[in-house]
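Here is a friendly walk through one protein chain. Please keep the sequence and the picture side by side as you read.

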Amino acid sequence: MATTAGYLARRAVQKERVRLLYRRALKDTLNWAVHRHLFYQDASDLREKFEANRNVENLDVIDRLIEDAEAQYRNFQHPDPYIVPWAPGGTKFTRNPPPPQGIEIVYNYGKED
């Protein structure tokens, strides 16, 4: 029973690592593709690479494949990835931050009280 639980836990970790690696690689593919039609082909090629090893059952071989794929991903990461402007690190992030707590904003618009 303990070996079955250990096997299932290891497989769950492997599946999660593969899922995260695929998502990161797919998002990074968008950084390299200038046009959408180029991205679709690159995404299809990436999916084929992942599908080629889908039926591997040996846990040690799976670990080695994941480590090789992660190393390859690190080598080919885009040096200047696209960041959504309003996300942390984007050009508009905290451009107009809210005022500090305790400061009351009064909009008068030229009206006198």
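Tyr40 is exposed, because its relative accessible area is 53%. Here buried means under 20% relative accessible area, exposed means over 50%, and partly exposed is in between, with a 1.4 Å probe and protein chains only. This is a predicted model, in which local features need pLDDT of at least 70, side-chain atom pairs count only at pLDDT 80 or more, and totals for chains, interfaces and linings use all residues. Residues are numbered from 1 along each chain as its sequence is written, and side-chain values use heavy atoms, leaving out hydrogens and water.

**Aromatic pairs**

Rings of Phe, Tyr and Trp (its six-membered ring) pair if their centres lie within 6.5 Å; planes under 30 degrees apart are stacked, over 60 edge-to-face, and the rest tilted. How many aromatic pairs does this rule give? The count comes to two.

| Pair | Centre to centre | Angle between planes | Kind |
|---|---|---|---|
| Tyr22 and Phe50 | 5.1 Å | 75 degrees | edge-to-face |
| Phe39 and Tyr40 | 5.8 Å | 55 degrees | tilted |

Tyr22 in helix α1 and Phe50 in helix α2 (residues 36-52) are 28 residues apart, so their pair links distant parts of the chain. Is Phe39 buried or exposed? Phe39 is buried, because its relative accessible area is 9%. Tyr22 also counts as buried, at 17% relative accessibility, while Phe50 counts as partly exposed at 22%.

**The core**

Which residues make up the largest nonpolar core? The five are Leu21, Tyr22, Ala25, Leu46 and Tyr73. Helix α1 supplies the largest share of this core, three residues. A nonpolar core is a set of buried Ala, Val, Leu, Ile, Met, Phe, Trp, Tyr and Cys residues joined through side-chain atoms within 4.5 Å.

Leaving aside residues up to four places away in sequence, Tyr73 touches Leu21, Arg24, Ala25 and Asp28. Contact means heavy atoms within 4.5 Å.

Arg19 belongs to helix α1 (residues 2-32) and is partly exposed, with a relative accessible area of 40%. Its C-alpha atom is separated by 23 Å from that of Leu38, 19 residues apart along the chain.

Thr94 lies in the segment after α3 (59-75). Thr94 is exposed, with a relative accessible area of 53%. Its phi is near 55 degrees, a positive value in a residue other than glycine.

**The whole chain**

The protein chain has three helices and zero strands. Helices (H or I, at least four residues) and strands (E, at least two) are DSSP runs, numbered from the N terminus. The radius of gyration is 23 Å, well over the 13 Å that the globule rule gives for 113 residues, so the chain is more spread out than a compact globule. This radius is taken over C-alpha atoms, and the globule rule is 2.2 Å times the number of residues to the power 0.38. Of the 113 residues, 18% count as buried.

Finally, an unreviewed UniProt entry places the feature "domain: Complex 1 LYR protein" at residues 17-72. The end C-alpha atoms of residues 17-72 lie 14 Å apart, and the span is 84% helix and 0% strand. UniProt positions use the numbering given here, feature names are shortened, and annotations may be inferred rather than shown by experiment.
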